[in-house]
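Subject: Structure handover

Hello,

Here is the structure I promised to pass on. Please open it first, then read the notes below it.

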Amino acid sequence: MRLRRIEPIVRRALVARRAALSGSRLLVAVSGGADSTALLVALHRLAPEFGFDLHAAHLDHGLRGAEARADRASVEALCRARGVPLHAAAWNTRLRMKRRGLSGHAGLRTLRREFLLAAARRAGAVAIATAHTADDQLETLLMRLARGAGLRGLGAMRARQGRWLKPLLGATRADIERDLTRAGLAWREDRSNHDSHYLRTRVRDDVVPALAAAARVPRAVLAAHAARAAREIDAAREALERSARALLKGALAEAARRADGALALDAARLAAAPAAVRRLALRAAWAAFAPGAPGLTHHHVGALERAVRSSKTGAHVLLPGRATAGRVSGVLRFRAAPAPNPRGSRPGASRAEGPRRW
């Protein structure tokens, strides 16, 4: 049973991963909706061609009672008919999110990722495929625009990122449903996808139709345009990031050898670089200097750029986690937060002394 529109799209997405997938195991996330149903069917057909063993995973979030149990039964039947092993679980996600201070779609997404990573470990899978489509890409792009995203954010979702694969980003939801209907394959509809409490739902049900009507183009065309734009932005970002890494060449290795862990960057080289490359280099330097720390905001990057371009020495830039950066003798130096004051030292003394000079 071939999905004529979707299967070639998935095949093209897998070509770049052929060597990694051959002889390995791939886990596909299946909710029972149209998108994940189509992805499972397409991957099952392509598994012999690419030489991978396919497993599936399904999580009941514990939010929709009998409807969710029917979703699971549908996924079980779909997998059983194709001989695809299924890793399924039912979680009380409300309780899990409450315990961890999570909420909304973001909290559910965090739990889903953790479930899928655990299922991949149990299955011995080298990669995890999810059924995000061009329509999801359009919604993500609009949401990130509304939140003031920069170059990285406007690249939206990537087709490949680490162990995660999104083979359907080139497919529209209309194409998927058309293919499934033609093949006589049923799918489940999740009513919570139209809960206006969530921003994504409002973008999907209100913003996208209004934009399509205003532009006088079909919704599927908007989605296809967004998918293509995201690919091109992401390719441009990758090229700029390669240039940014070249600016940091040597500096990160030297920092790793220093006892104090300070990172020194050539301010003149940074100042001479194109602005987009310089900003990416500063973000990459921070990520290497303080892995696991919050990322730099636009305000932080702007302050660092001013320090790079300035001829003045001395005043420092305060960064997340009380780390600092400042320019001295042609060098932009990142330093970790100072150790806590010894007992009995004068509280607030460092502030009274004014800007730190190195």
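Helices (H or I, at least four residues) and strands (E, at least two) are DSSP runs, numbered from the N terminus. Ser 329 sits in the loop between β9 (324-328) and β10 (331-335).

Two points on the source before going further. This is a predicted model, where local features need pLDDT of at least 70, side-chain atom pairs count only at pLDDT 80 or more, and totals for chains, interfaces and linings use all residues. Residues are numbered from 1 along each chain as its sequence is written, and side-chain values use heavy atoms, with hydrogens and water left out.

Positive phi values

Ser 329 is not a glycine, yet its phi is positive, at about 50 degrees. Its relative accessible area is 66%, so Ser 329 is exposed. The terms work like this: buried is under 20% relative accessible area, exposed is over 50%, and partly exposed is in between (1.4 Å probe, protein chains only).

Arg 216 is another residue other than glycine with a positive phi, near 55 degrees. Look for Arg 216 in the loop between α10 (199-215) and α11 (219-247). Arg 216 counts as exposed because its relative accessibility is 77%.

The sheet

In what order do the six strands of the open sheet run? The order is β3-β2-β1-β4-β6-β5, and the pairing is mixed. β3 (86-90) and β5 (160-161) stand at the edges. Each has a single partner strand, so one side of each is left without a neighbour in the sheet. Two strands pair if DSSP finds at least two bridges between them.

Take one pair. β1 (residues 25-29) and β2 (residues 53-60) run in the parallel sense, with five bridges. Within this pair, Ala 29 stands opposite Ala 57 in β2. In general, strands of a sheet pair through backbone hydrogen bonds, either parallel or antiparallel.

Two helix residues

Ala 73 belongs to helix α4 (residues 65-82). At 41% relative accessibility, Ala 73 is partly exposed.

Contact means heavy atoms within 4.5 Å. Leaving aside neighbours within four places in sequence, Glu 305 is in contact with Ala 275, Arg 278, Arg 279 and Leu 282.

Best wishes
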